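Please read it alongside the sequence and the coordinates shown below.

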Amino acid sequence: MTGFALRNARLVLGDRVVQGSLALGDGMIRSIDAGPSHAGEDMEGDFLIPGLIELHTDHLENHYRPRPGVFWDPMAALHAHDVQVAGSGITTVFDSVRVGSDTDMPEMGSHVAKLTSAIARAGEEGWLRAEHLVHLRCELPSHDVIEQFEAHASHKQTRLASMMDHTPGQRQFRTLEAYKRFYSIGRTPEELDSYIADRLADHARYSAPHRAHIVQRASELGLALASHDDATLAHAEEAIADGVAISEFPTTLEAAAAAHDGGLSILMGAPNVVRGRSHSGNIAATDLVRAGLLDILSSDYVPFALLQAAFVLPQQVEGLSLPEAIAKVTLNPARAAGLGDRGEISVGKRADLVQVRLVGDLPVVRSVWRQGKRVS
Ligand SMILES: [Fe+2]
């Protein structure tokens with residue numbers, strides 16, 4: 001057995017923070033010891049928290065397509081993305097890959113294939129810092145979403161699928177006005193109207209049968225399912241009936257409360273916490289935390305926001321402890337995604353750990369270990 005120890009740390013356990021040390025061996029946490037210890041690497045009084053678990057980030061796609069029409073080498077994009085997520089304290093990342101072609105991306109299938117093969121190949125080659133899994137983000141009204149879902153749903157790294165529907169006038173953009181504000185760039189009013197008419201027709205034709213197909217296949221394949229942008233009681237009820245585990249980015253308190261009561265984990269964006277509001281004008285994540293309805297944070301479009309939000313939350317929400325905030329980026333996402341071997345500092349769990357020092361209000365990442373190996 002190969003082992004070592006980390007001493008003089010503030011250990012963020014599930015229900016308290018204790019000064020002490022950790023013994024690690026064979027990639028796992030072997031013992032937790034409170035009080036002074038003379039052996040091991042000195043953490044200099046910094047926090048040690050479990051490695052962060054990220055369920056929904058489009059950061060890989062942004063590295064692969066850094067500008068409209070520019071496609072980067074997928075392995076190079078994955079490498080750059082991996083360095084940033086690991087450096088932000090994320091040791092398990094579900095790379096979200098948009099599935100289903102649209103007018104902006106008519107050949108989505110070939111892009112999905114390049115990204116998922118890069119993740120599989122790099123995983124086999126063993127050089128990734130974080131563990132990368134795949135989250136298929138399925139756009140239900142897209143004509144070829146099922147074909148692309150089926151091409152990747154049974155890969156061993158695919159563990160999560162979400163069902164999205166960005167049809168104008170519902171969910172994320174509950175009014176046509178809100179939709180037009182977001183999508184009007186580069187289109188004349190006439191072009192925008194005809195684009196919206198096409199989207200409504202696709203929704204009527206495809207959304208319901210595609211949803212039914214994905215629900216059925218996810219259950220056969222053992223994939224965790226997420227609903228996306230739930231806005232109404234009916235959306236929450238549909239998600240509960242479909243056996244969905246996670247409600248991503250609910251847009252109203254009503255939908256979040258109903259989904260939470262129905263046993264779903266509620267996920268919101270960490271940038272929403274850091275900024276204090278949603279980028280598309282929907283509910284603020286901190287309001288959901290105050291209502292006791294927020295289970296999981298996701299870095300969404302800014303990887304470092306995950307750690308930052310976990311340390312900001314106890315300052316913003318009276319009565320919320322640091323261990324409770326940290327659970328929203330570690331244990332809760334692990335449980336919701338069916339990863340029972342990680343997400344907490346506990347004997348027998350993976351030695352996925354982050355050494356964090358607070359500099360003013362900023363949590364600075366000083367070291368990261370995945371399965372006991374230093375990765376950042
Ligand atoms: Fe959305």
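At what angle do helix α2 and α3 pack, and how far apart are their axes? In this predicted model, helix α2 (residues 74–87) packs against α3 at an angle of about 65 degrees, and the two axes are 9 Å apart. The crossing in which α2 passes α3 is right-handed. On the α2 side the contact is made by P74, M75 and L78, while α3 contributes K114, L115, A118, I119 and A122. Sorted by class, this contact of α2 with α3 holds seven nonpolar residues, no polar residues and one charged residue.

Helix α3 (residues 108–125) also has a contact with helix α4 (residues 145–152), where the axes come within 10 Å and cross at roughly 15 degrees. Angles under 35 degrees count as roughly parallel, and α3 and α4 are therefore roughly parallel to each other. The crossing of α3 and α4 is right-handed. From α3, the residues M108, G109, V112, A113 and T116 take part, and they meet E147, Q148, A151 and H152 of α4. By class, the contact of α3 with α4 has four nonpolar, four polar and one charged residues.

| Helix pair | Axis angle | Axis distance | Crossing |
|---|---|---|---|
| α2 and α3 | about 65 degrees | 9 Å | right-handed |
| α3 and α4 | roughly 15 degrees | within 10 Å | right-handed |

Attention now turns to another helix and its surroundings. In helix α7 (residues 233–241), the buried residues are H235, A236 and A239. These residues cover an arc of only 95 degrees around the axis, which puts them on the same side of α7. The face of α7 that is turned away from this buried side carries the exposed residues A234 and A241. As for what lies against the buried residues of α7, they pack against β10 (224–228), β11 (246–248) and α8 (253–261). Just after α7, the backbone at G243 takes a positive phi of about 75 degrees.

Positive phi values also occur in residues other than glycine, and D26 is one of these, with phi near 50 degrees. D26 lies in the loop between β2 (17–25) and β3 (28–34). Is D26 buried or exposed? A residue counts as exposed if 12 or fewer other C-beta atoms lie within 10 Å of its own, and D26, which has 11 C-beta neighbours inside 10 Å, therefore counts as exposed.

F249, likewise a residue other than glycine, has a positive phi near 50 degrees, and its place is in the loop between β11 and α8. F249 is buried, with 28 other C-beta atoms within 10 Å, whereas D26 counts as exposed.

Because A334 has 25 C-beta neighbours inside 10 Å, A334 counts as buried. Leaving aside residues up to four places away in sequence, A334 touches I53, L339, R342 and G343. A334 and F173, by contrast, are 29 Å apart in space, taken from C-alpha to C-alpha, and 161 residues apart in sequence.

Note on methods
Residues are numbered from 1 along each chain as its sequence is written. This is a predicted model: local features need pLDDT of at least 70, side-chain atom pairs count only at pLDDT 80 or more; totals for chains, interfaces and linings use all residues. Axes are lines fitted to C-alpha atoms, for helices over the stretch in contact, and angles run from 0 to 180 degrees between N-to-C directions. Helices (H or I, at least four residues) and strands (E, at least two) are DSSP runs, numbered from the N terminus. Angles under 35 degrees count as roughly parallel, over 145 as roughly antiparallel, 65 to 115 as roughly perpendicular and the rest as oblique. A crossing is left-handed if the near helix is turned anticlockwise from the far one by less than a right angle, and right-handed if clockwise. Two residues are in contact if their C-beta atoms, placed from the backbone, lie within 7 Å. Ala, Val, Leu, Ile, Met, Phe, Trp, Tyr, Cys and Pro count as nonpolar, Asp, Glu, Lys and Arg as charged, and the others, Gly among them, as polar. A residue is buried if 20 or more other C-beta atoms lie within 10 Å of its own, exposed if 12 or fewer, and partly exposed in between; C-beta atoms are placed from the backbone. The arc is that of the directions from the helix axis to the C-beta atoms.
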